[in-house]
Amino acid sequence: MQRPLTGIRVIGLEQYMSAPYCTMLLADAGAEIIKIERPGRGDPRRSIPPFVSDDKGRTVAGGFIGYNRNKKSLALNLREEEGQKILRDLVMESDVVVENLRPGAMDKLGLGYKDLKTINQRLIYAAISGFGRLEGYTSSYSNRPAFDIVAEAMSGVMNLVGFADKPPSWTIYGMADVYTGMVTAYGIMLALFMREQTGEGQFVDSAMLDNMLALNERMVTLYSFTGESPSRGRLKHLYPRGAFECQDGFLALNIPDDIQWGRLCQAMECENLKDDPRTVSGTARAANADFICETIESWLTDKTRAQAEELLGKQGVPSGPVNTAEDIINDPHIAARNMLVTVDDPVAGSRKYARSPLHLSSSPEIPTEPAPQLGGNTREILKDILRYEDTEIEKLREQGVIEILSDV
């Protein structure tokens with residue numbers, strides 16, 4: 001069986017997290033990913049901890065190998081004319097370019113979408129940026145650089161995370177990057193589908209701010225209907241919702257309506273609270289959150305998370321433990337879903353990584369090739385795809401246009 005994207009070649013003009021995560025998803029789906037890296041340095045994420053070293057003194061960065069499995073590395077100097085020629089030649093043999101460099105960087109080199117589509121009308125060029133780059137949808141923000149926390153802040157997400165008496169907080173490290181990578185992969189799928197119908201490629205514009213605002217759609221809807229801006233802290237019309245302490249950690253609960261509240265009361269053997277004025281509606285429960293929190297945690301005080309989950313499950317109340325990394329590694333359900341794949345890296349050894357989340361019934365399991373070493377596939381790509389002779393490759397290496405693994 002083939003993976004869904006077998007036969008699709010993708011060029012990754014990528015760094016850090018968003019574009020590498022996008023192309024990792026495409027690689028897991030079977031696409032051939034050629035990651036273009038700067039000779040001598042490579043993707044900056046190669047230099048960001050955590051690090052691990054082997055007995056030969058070689059060091060790799062965990063963040064890099066976590067986002068770059070199943071790819072090939074071409075160490076190519078795009079500031080050199082010969083390097084630009086190699087990229088153009090590769091574009092003629094490829095289906096997709098994914099790029100998240102500083103806005104305008106590739107245009108200045110004559111390697112932006114408008115330039116590359118003239119040599120490959122079927123090319124899909126997916127550009128990831130902080131604020132978007134498609135003509136007709138730009139503003140004074142468009143050329144600004146951005147990291148994930150900027151998108152979280154400007155989308156309103158950060159304003160909603162944390163507690164009312166504390167400053168705004170970020171969510172998880174790289175949230176906007178990872179979500180943008182997913183959305184961009186989806187956009188590429190749409191463009192590939194359209195290409196089957198029209199025969200032509202197109203520009204896929206993926207902005208981190210747009211993606212995080214779309215994720216934060218509830219904030220927009222609430223303001224549109226009520227004229228109020230949601231704020232950090234407990235919700236005004238809904239409770240309980242949050243993490244409640246058990247004997248061995250915390251349990252997450254969300255009670256969105258009176259039906260679920262009644263079921264929770266049954267599970268806690270506190271059915272009198274169904275009709276108590278303090279708890280009879282979502283608004284009343286939100287106003288009396290401290291009382292309800294004490295009631296729930298009093299019920300949980302002699303129970304483990306597993307015991308509480310079982311009792312709640314019998315009444316049809318969804319709940320789940322607040323897991324640590326260790327909990328997830330040892331969770332039998334996570335293992336049953338094969339959500340932690342093992343990749344054997346030549347330096348880092350055998351380690352676990354999060355799998356792409358979708359399972360397709362007619363496709364084999366995702367490949368688990370380790371992240372490439374810098375320039376590890378330079379010679380292979382030039383010979384097998386562009387049909388360069390060994391003498392040509394050696395000349396390019398001597399000129400500093402390319403770097404080969406043995407040089408690094």
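Guide: Let's look at the lining of the largest pocket, where at least two residues each come from helix 7 (157–160), helix 9 (208–215), helix 10 (217–226), strand 9 (241–246) and helix 13 (289–300). Helix 10 gives the largest share, five residues. Those helices (H or I, at least four residues) and strands (E, at least two) are DSSP runs, numbered from the N terminus.

Keep in mind that this is a predicted model: local features need pLDDT of at least 70 and side-chain atom pairs pLDDT 80 or more, while totals for chains, interfaces and linings use all residues. Residues are numbered from 1 along each chain as its sequence is written, and side-chain values use heavy atoms, leaving out hydrogens and water.

The space in this pocket comes to about 1300 Å³. Of its 33 lining residues, Leu160, Gly233, Arg234, Leu235 and Arg241 are the closest to the centre. A pocket here is an open set of points on a 1 Å grid over the protein atoms alone, where a 1.4 Å probe fits, with protein on both sides within 12 Å along at least five of seven lines; lining residues have an atom within 4 Å of a point. Sorted by class, the lining holds 17 nonpolar, nine polar (Gly counts here) and seven charged (Asp, Glu, Lys and Arg) residues.

Terms used:
Grid points are joined across faces, edges and corners, and a volume is the space filled by probe spheres set on the points.
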